[in-house]
Amino acid sequence: MACRGVHFALTEEDAARLLAAEQDEDVLAVIEDIEERWDTDHLAETDKAWDAIHRCLADGRLTHDGGSYPLSYAVLGGLPLHDGDDHVVVHVTAAEVADIAAAMADLDDAWLRERFFALDPEDYDGARDEDDFAYTRHWFGGLRAFYATAAANGRSVVFTVDQ
């Protein structure tokens, strides 16, 4: 997927509104509202690297249910609220955020490198070269810091990708 991903650390009010949305259009309306007024202190962009990051943190595949908790929940794991042709929305609770942050804290470049270069070239559309790894590592560092901050603030997180 060649779409840009964004993680938002939600206030309790926004999380409640999002989880109360019953129809796809309601979920997307809440996400649109969050996107329009969000401050950069509580979001993490992962650009197009979210795909490789998820694969590295999960089982190498681009699915909601692959891999082991809590790392597999950092991008596509958690509660899928919308998974359509135009948008993906996935929510993780504040407790899950704390688990994700703790698990990500110990991951270093060597770990990420090993996971990245083990990705199946038949399944992963990226270049899987040093430039692609550097790009993925850059966005991964920001995501790791984001989760640490969200956990410290007791916030849940929603991941969105516009397709």
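Predicted model: local features only at pLDDT ≥ 70, side-chain atom pairs only at ≥ 80, totals over all residues.

I count two strands as paired if DSSP finds at least two bridges between them. Helices (H or I, at least four residues) and strands (E, at least two) are DSSP runs, numbered from the N terminus.

Residues are numbered from 1 along each chain as its sequence is written, and side-chain values use heavy atoms, with hydrogens and water left out.

**Sheet.** I looked up the strand order and got E2-E1-E5-E4-E3, an open sheet of five strands with antiparallel pairing. Strand E2 (43-47) and strand E3 (79-83) are at the edges with a single partner strand each, so one side of each has no neighbour in the sheet.

**E1 and E2.** Strand E1 (residues 5-10) pairs with E2 in the antiparallel sense over four bridges. I found Val6 opposite Glu45 in E2.

**H1.** Which residues of helix H1 (residues 12-20) are buried? I get Asp14, Ala15 and Leu18, with buried meaning under 20% relative accessible area, exposed over 50% and partly exposed in between (1.4 Å probe, protein chains only). They cover an arc of only 100 degrees around the axis, which puts them on the same side of H1; I take the arc from the directions from the helix axis to the C-beta atoms. Glu12, Glu13 and Ala20 are exposed on the other side of H1.
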